[in-house]
Structures are given as C-alpha cells and as structure tokens.
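Visitor: I would like to learn how to read a model like this one, feature by feature. Could you take me through it slowly?

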Amino acid sequence: MSVAEMKRHFIELFRKNGGQLRMSEAIAEGITRYMLYSLRDKGVIEQVSRGVYRLVELPPMSNPDLVTVSLRFPNAVICLISALSYHNITTQIPHAVSVAVPRQSRVPSLDYPPVQSHRFSNEAYNSGIENHKIDGVSVKIYNPEKTLADCFKFRNKIGMDVVLEALKLYRSRQQYNLERLLAYAKICRVKNIMTPYLEATI
C-alpha cells in the first residue's frame, strides 16, 4: 500500500467513526501512534483533547465540550447545569461540564474542558439516560425530568434559584410530565422536597 493509499485508508476509518477517534480506537484499527502524529502534523486531523483526534475537514463542532468529555469518558453522563443547558431549561452558562459516574468509578478529570464529576448511586446513575448524537458522536445526557430531580438533590451546590428557574422553564418549554418527575424524584430520594414545588406549578 502506497503512502497516499494508506492516508486515504485512515481517512476512511475516521469517516466511518463519525470523523473522530480516540487514540486507543485508532490503534485497534491498525493506525500507529506515529501515523496519527504524522496525519496531525500534515493537517489532516486535529487533536481535540489528549488522546482524541478528529478530521480537520469536518464542520466546526456545535458543542465541543460535551463531545470531548463523552469521547474521553464514555461512561460519564451529562447532568445538572450542563444537562439543563442542553435541554434549554436554564439561563445559566455552564463553567464546567457536569457529569455523573457510578459510585465506584474513577472520577473523570480533564485540563480542558473543566469537568465537575458527581458520583451517583447505581439506580440514580442508570435512570433517565438518553443518547443524543452531537457532531456525529453519541453523548449520554439525562432527560429533562431526571435532570430536574438531580438538581433538587444537588440544590445546595447549584442554588435553589437555579433549580426553580429550571422547573419554570421546563413547565413552559417541555411537555410537562408530572408522573415522570415524581418517579425520578423518588429514585433521587427528593420526592418530599420536590412535591410542594411541583404542586405549585400545576
């Protein structure tokens, strides 16, 4: 295989994977570290984050922070203010990517973008996950109702004013689903705290 054919072959591998690969995935596909660095130096691919590469020809990322975190930490689920922002039910601008991980997992940490990690119990971690395609990458994000229940649980960290604003915006922008809200409130053990606020918004 000539150098040009090899380059074409690797570009096709990237395209097949949505234009982005972790170094470990690239190596598993037969691309050596040297080849990756060579493609980067030639301007064919760019390094998005440590160990994550994407084709330069792709359009600019619409949400590079969520994509980078999801590529680096496939088990992390976008939560709290980052999830509120994705669902468009907050006026807050996240200063870090908030993620949930199972209680026994290693906590994700990145130089950039900054990551705020929260350990959830298994039931709370596994409930309400949606997979959203962002820039060709599958990103795990809690649905709006689960996100609201999580926000009530972490109200002392994020501020009750932020939680109540999110509830109000959810009421006006999403299909209001009291049953789902209460189900997630029970899982997050905040049903008694949430119920009066939910009744007040009906």
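Visitor: What share of the contacts in the chain with a separation of 6 or more comes from residues 24 or more positions apart?

Guide: In this predicted model, residues 24 or more positions apart account for 54% of the contacts in the chain with a separation of 6 or more. A contact here means heavy atoms within 4.5 Å.

Visitor: How many helices and strands does the chain have, and what box do its C-alpha atoms fill?

Guide: The chain has 11 helices and eight strands, and its C-alpha atoms, taken along the principal axes, fill a box of roughly 70 × 35 × 25 Å. Of its 202 residues, 45% count as buried, while the accessible surface comes to about 10900 Å², with 49% of that belonging to carbon and sulfur atoms. As for charge, there are 27 positive and 18 negative side chains, and the centres of these two sets lie 5 Å apart.

Visitor: How should I read burial along a helix, and which residues of α10 are buried?

Guide: The general idea is that a residue is called buried under 20% relative accessible area and exposed over 50%. In helix α10, which spans residues 178-187, the buried residues are Leu181, Tyr184 and Ala185. Seen down the axis of α10, these buried residues fall within an arc of 105°, and therefore they line one face of the helix. The face of α10 turned away from that buried side carries Glu179 and Lys186, which are exposed.

Visitor: Which residues of helix α4 are buried?

Guide: They are Leu66, Val67, Thr68, Val69, Ser70, Leu71 and Arg72. Since seven of the nine residues of this helix (residues 64-72) are buried, α4 is largely enclosed by the rest of the structure.

Visitor: An arginine is in that list, so let me ask about it: is Arg72 buried or exposed by its relative accessibility, and which residues is it in contact with?

Guide: Arg72, found in helix α4, has 18% relative accessibility and so counts as buried, the cut-off for that word being under 20%. Leaving aside neighbours within four places in sequence, Arg72 is in contact with Arg22, Ser49, Arg50, Val52 and Leu110. The C-alpha atoms of Arg72 and Ser109, which are 37 residues apart along the chain, are separated by 9.6 Å.

Visitor: Where does Thr90 lie, and what does it touch?

Guide: Thr90 lies in the loop between α5 and β5 (97-102), and with a relative accessible area of 10% this threonine is buried. Not counting residues up to four places away in sequence, Thr90 touches Ile81, Leu84, Ser85, Val162, Glu165 and Leu169. A polar atom of the Thr90 side chain also lies 3.0 Å from the backbone nitrogen of Gln92.

Visitor: Which way should I read a positive phi, and what is the value near which phi of Leu80 lies?

Guide: The point to look for is a positive value in a residue other than glycine, and Leu80 is such a case, with phi near 50°. The place of Leu80 is in helix α5 (residues 80-86), and at 2% relative accessibility Leu80 counts as buried. Arg189 also has a positive phi, near 60°, and follows α10, in the loop between α10 and α11 (191-201). At 73% relative accessibility, Arg189 counts as exposed.

Definitions and conventions: Residues numbered from 1 in each chain as written. Predicted model: local features only at pLDDT ≥ 70, side-chain atom pairs only at ≥ 80, totals over all residues. Heavy atoms only, no water. Buried < 20%, exposed > 50% of the residue type's maximum accessible area, 1.4 Å probe, protein only. Helix = DSSP H or I, 4+ residues; strand = E, 2+ residues; numbered from the N terminus. Arc of directions from axis to C-beta. Areas by Shrake-Rupley, 256 points an atom, 1.4 Å probe, with all protein chains shown as cover. Lys, Arg positive; Asp, Glu negative; His and termini not counted. Charge placed at Lys NZ, Arg CZ, Asp CG, Glu CD. Polar contact = N/O pair within 3.5 Å; in protein donor to acceptor, adjacent residues only side chain to side chain.
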